[in-house]
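Dear colleague,

Please find below the structure that I am handing over to you. My findings follow it, arranged by topic.

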Amino acid sequence: MKEATILIYDGSFNGFLTSIFKAFDEQICIADIQKNKVAQRGLFSQNETVFTNVSQAKRVWNGIQKKSNTAIKNVYFAFLSEHSGIEMNLYYYIRKLFATNQKVYTDYTDETMLKITQLAKSVGREKHRMEAFVRFQKTKDDIYFANIEPDFDVLPLISKHFRSRYADQQWLIYDVKRKYGIFYDLNSVQIISLDLSEIHTNKLQRNDIFTSDEYEYQNMWNNYFKNTNIKSRINRKLHTQHVPKRYWKYLSEKKEAV
C-alpha cells in the first residue's frame, strides 16, 4: 500500500497545475496539496515539495481545456477564490473530469462539482464588480493609481479589461488585502509586490501624492453624482445590493458617505 503524500507547492496557479501533473504522472496517493506558506505535516503522510514546471503545467491546462472551456474556466476561477481546501477539491474535480468523456462538470448532484461551479461563479461576479468599481486617482508621477480590496484574488482576471480600456496611460491597481498589484507601463502589464505604509481610501482631506487637478475632478464628479440623484426616488436597499458598502471607501463618488 502506497504511503499518502502531501504535495507542497509555491502557491501559484502554475505550481498547482504542476502538482496535478506530478500526482497523475507518478500515480501518487495524495493526502493533500498545500501552499508552502501554510504547509503542515500530516501524521500518517510524507511531505514532498513540488517545483513549478511551466511545460508540465501547460500540459495539464491543455488537457482540461480539450475536455471543456467551461471546465478550465471553472478550475482557474475557483483556484483564485482562495477557498480553504480548494486544492483537493480541484484535484477531485480534475480527476473525475479525466476519468470519463461525459460532461461531469455539469453534474450538480456531486457536491464537489457543484462547489467548484459555485465558487467560479462567485469569482466571476467579483471580477465584474472590480471592473466597474475601480476608481483611478492621478499621482504627481503621472500614474493613475487605484486601491481595491476584493473578496477573491481577481487581479489576474481584470488586467486585460483595463489594458484594453486605458491603453494610453500608465496605471497601477493595488490589492491592499494581498499586498501586490498590476502595473501597466504603456507596453505590458506586470505583477509587482508592494507593502504600502498608507492605504489611500476616500478622505475629504487631500494627499500630497495626488495632483490638485485630480481633486478638482473628484469634486466635479461628486457634485454631478449628488445633483443627478432624486432623493424621493432613492432606494437604498437596492443601491447597496448593486454597490455593496465594502467598496465605498475606494469610490470617489462616495467620499462624503464614508
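**Helix packing**

In helix H3, the residues Ala71, Asn74, Val75, Ala78 and Phe79 meet Ile86, Leu90, Tyr93, Ile94 and Leu97 of helix H4. Please bear in mind that the model is predicted. Sorted by class, this contact of H3 with H4 holds nine nonpolar residues, one polar residue and no charged residues. Two packed helices are described by the angle between their axes and by the distance between those axes. For H3 (residues 69-79) and H4, the angle is about 170° and the axes are 10 Å apart. The two helices, H3 and H4, are therefore roughly antiparallel to each other; the reasoning is that an angle over 145 degrees counts as roughly antiparallel.

A second pair is formed by helix H1 (residues 13-25) and helix H2 (residues 54-67), which pack at an angle of about 75° with their axes 8 Å apart. That angle makes H1 roughly perpendicular to H2, because values from 65 to 115 degrees fall in that class. On the side of H1, the contact is made by Phe13, Asn14, Leu17, Thr18, Ile20 and Phe21. On the side of H2, Val54, Gln56, Ala57, Arg59, Val60 and Trp61 take part. By class, the contact of H1 with H2 has eight nonpolar residues, three polar and one charged.

**The largest pocket**

I turn next to empty space. Rolling a probe the size of a water molecule over the atoms shows where such space is left. The largest pocket has a volume of about 630 Å³. Its lining consists of 23 residues, and Gly11, Lys35, Val38, Glu82 and Glu87 lie nearest the centre of the pocket. Strand S2 (30-35) and helix H4 (86-98) are the elements that give two or more residues to this lining. S2 gives the most, with four residues. By class, the lining of the largest pocket divides into seven nonpolar, eight polar and eight charged residues.

**The largest cavity**

The structure also holds one cavity of 30 Å³ or more. About 60 Å³ of space lies in the largest cavity. Which residues line the largest cavity? They are Met130, Phe133, Val134, Asn147, Ile148, Glu149, Tyr247, Tyr250 and Leu251. Helix H5 (111-133) and strand S5 (144-148) each supply at least two residues of this lining. By class, the lining of the largest cavity has seven nonpolar residues, one polar and one charged.

Yours sincerely

Technical notes: Residues numbered from 1 in each chain as written. Predicted model: local features only at pLDDT ≥ 70, side-chain atom pairs only at ≥ 80, totals over all residues. Heavy atoms only, no water. 1 Å grid on protein atoms, 1.4 Å probe; cavity = no way out; pocket = protein on both sides within 12 Å on 5 of 7 lines; lining within 4 Å. Points joined across faces, edges and corners; volume = space filled by probe spheres on them. Nonpolar A, V, L, I, M, F, W, Y, C, P; charged D, E, K, R; others polar. Axes fitted to C-alpha atoms, helices over the stretch in contact; angles between N-to-C directions. Parallel < 35°, antiparallel > 145°, perpendicular 65-115°, else oblique. Contact = heavy atoms within 4.5 Å.
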